[in-house]
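Work through the exercises below with the sequence and the coordinates at hand, and try each task before reading its solution.

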Amino acid sequence: MNAGSHHPATRLLCCALSCIVAIGAVQLSGCNRSQSKTGAAKVKEKKPLPPFEPLRVFVEPNERSSFNPGPKDSARIVNVLKPGHWSGILLQTQANTKEFTGTLSSAPQNAQRRPLELEQSPYWVSTMRRVTLPKGQQKQFESLFFAPRPRPESTTKASTWIANRLSGSGQGLQAQPEPVLHMPSYQYHMVVLAPQPARYRYLNGLSCVRPRTNAALISPLDRAYYRVEFPPVDAPLALPSHPLCWTSIAYIVWDDVLPDALTPEQQQAMVDWLHWGGALIVSGPDSLDKLAGSFLADYLPAKVGSSGPLQADKLAELHDAWRVRGDGSESLAAREGRTWSGVELVKHTEATAVPNTAELIVERRIGRGRVLVTAFRLAEPELAGWRSFDSMFNACILGRPPRLHAEIGDRFAYRGSREHDAFDARLSSGVRFFSRDVPDANVKSRNEITDALDDASAMRFQGVTDLEFQTQIAESKLIDELKANAGVAGWNDFSPVASAARATLRDAAGISVPKRSFVLKMIGLYLIVVVPVNWLVFRLLGRIEWAWCWAGSNGPGWPCPSSHWCGVWSSCGPRSSTSDSPAPRPRSRCWRCSPAIRADT
């Protein structure tokens, strides 16, 4: 056999191997192309992230301080505020593409997305603060927000829209405005700080907190005197850090919570709020020990004495003193097998026991406000089930005026001369500012306003014979009107004190604005004197053309008599004190002040 020749079987085997290798190469290349196409499709399907996550807003106080996408109801955030009050707002967002440093601005808008102007002013308020957003990290910021009271001609009085904007670092975010509901003027916040807030849910069933009503035209939340908030104490509390924003809070219920749950800024704001008229309700017996040595230690009305079960005779005295007619429930001390844990309250020298409470409730005045301590826990199940507890809570704990109790329907209500006190904001909150809340004799009282609404409603719905339905219509209309009012402690640029302050500043400036008729007379006299006399003088000189040059050069500098008489050119020296001041100089300009001069900052 020749060396260069090949056996037929060998050649057949080589051809088969070549075909297998070729087929494998083709399949491998096709698989690679398929994988590359699939990877490209995946890359193509992945959308780029927006520069920022949606900006979420929480108005303080609130039961939520951050957004959690886990629960299904995480988007159901109830934001409310009182118009005419400063509010703290929490804003939460995240930068996705790069680190952001810039400013965050917040401004109020109406339903038409137009800025809300201040009362009797062409200006509006926009608050700004510096922010820094690290890439990929969710951040939360607190800012101030002021919602002015709607104008009388406004068609939307029940809500305000918060417009937020991030700007800086070559990028920005114009967030969608967030709607915020208005609280009526007589409605304020009651914040419960407790490790088990569910034990205080019964507060919403008390008529002194949320009156019972069968009116189909009125929302139970709108009719409530207080919106009870239950923020979780194991998370950052959605409470304002600035004392200016605590004017919408009437009561704080404190039960077995460590003081460290509040930041130092929140603690200082609470102390200021107490002096302005806020009420702190401390539920014993464990809370006093935890507050000893805290920022509230100097304001507590009592210290802890001996501890143990409360005496039965004291519970019986408390029960008999506040039992309403028709309450056939057994005494608080007559429950077999159940004892109340409590403490003996050692009163401070400035504290007093609340009458008819067997010295189980002690309070102390702090400025305009008060701190109240109970020897028992307000979350006791027997209290929640006691029919007359509403009576005791209204008078002893909240300090509201007495009411009449109707056995039919088991309701409390104001009657007679106090019938309209249900809509009086002065009874819902004790917070006051002298420069804001001094009464104005020219403003109608609440009784006159409600009487006028009753008459208007009766005239408008003359065809309605049901008196109760007419009352519902009148109350519904009144509540809608009161959603545009600030109530007590609201910012008021036109109170008697603010008006007196502006008048004093004008008098001290020595500027009096003349009447329009006086200004027109002075201008006419100026023209009569300058034009004919100017023409006559140069006519006698035979140079009438010079009159135009003289009028053009000296006319603007002619001292207008009205400038002296209206006080613009008068000196401020005679109005100053006996200091050695230099010789007075005429004013060169008159500054125009803002129409809203703040008197109570």
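**Exercise 1.** How many disulfides does a search of the whole structure find?

*Solution.* The model is a predicted one, in which local features need pLDDT of at least 70 and side-chain atom pairs count only at pLDDT 80 or more, while totals for chains, interfaces and linings use all residues. Residues are numbered from 1 along each chain as its sequence is written, and side-chain values use heavy atoms, with hydrogens and water left out. A disulfide is taken as a pair of cysteine sulfur atoms within 2.5 Å, and by that criterion the search of the whole structure returns zero.

**Exercise 2.** Determine the order and the pairing sense of the three strands that form an open sheet.

*Solution.* Strands are DSSP runs (E, at least two residues), numbered from the N terminus, and two of them pair if DSSP finds at least two bridges between them. The order is 1-3-6, with antiparallel pairing. Strand 1 (56-59) and strand 6 (138-146) are the edge strands, each pairing on one side only. From one strand to the next the twist averages 25 degrees, where axes are lines fitted to C-alpha atoms and angles run from 0 to 180 degrees between N-to-C directions. Strand 3 (residues 86-94) is joined to strand 6 by nine bridges, and Gly-88 has Leu-144 in strand 6 as its bridge partner.

**Exercise 3.** Which strands pair with strand 9 (residues 178-182), and in what sense?

*Solution.* Strand 2 (residues 80-81) runs parallel to strand 9 and is joined to it by two bridges, with Leu-81 partnered by His-182. Strand 7 (residues 159-168) pairs with strand 9 in the antiparallel sense over four bridges, and here Ile-162 stands opposite Glu-178.
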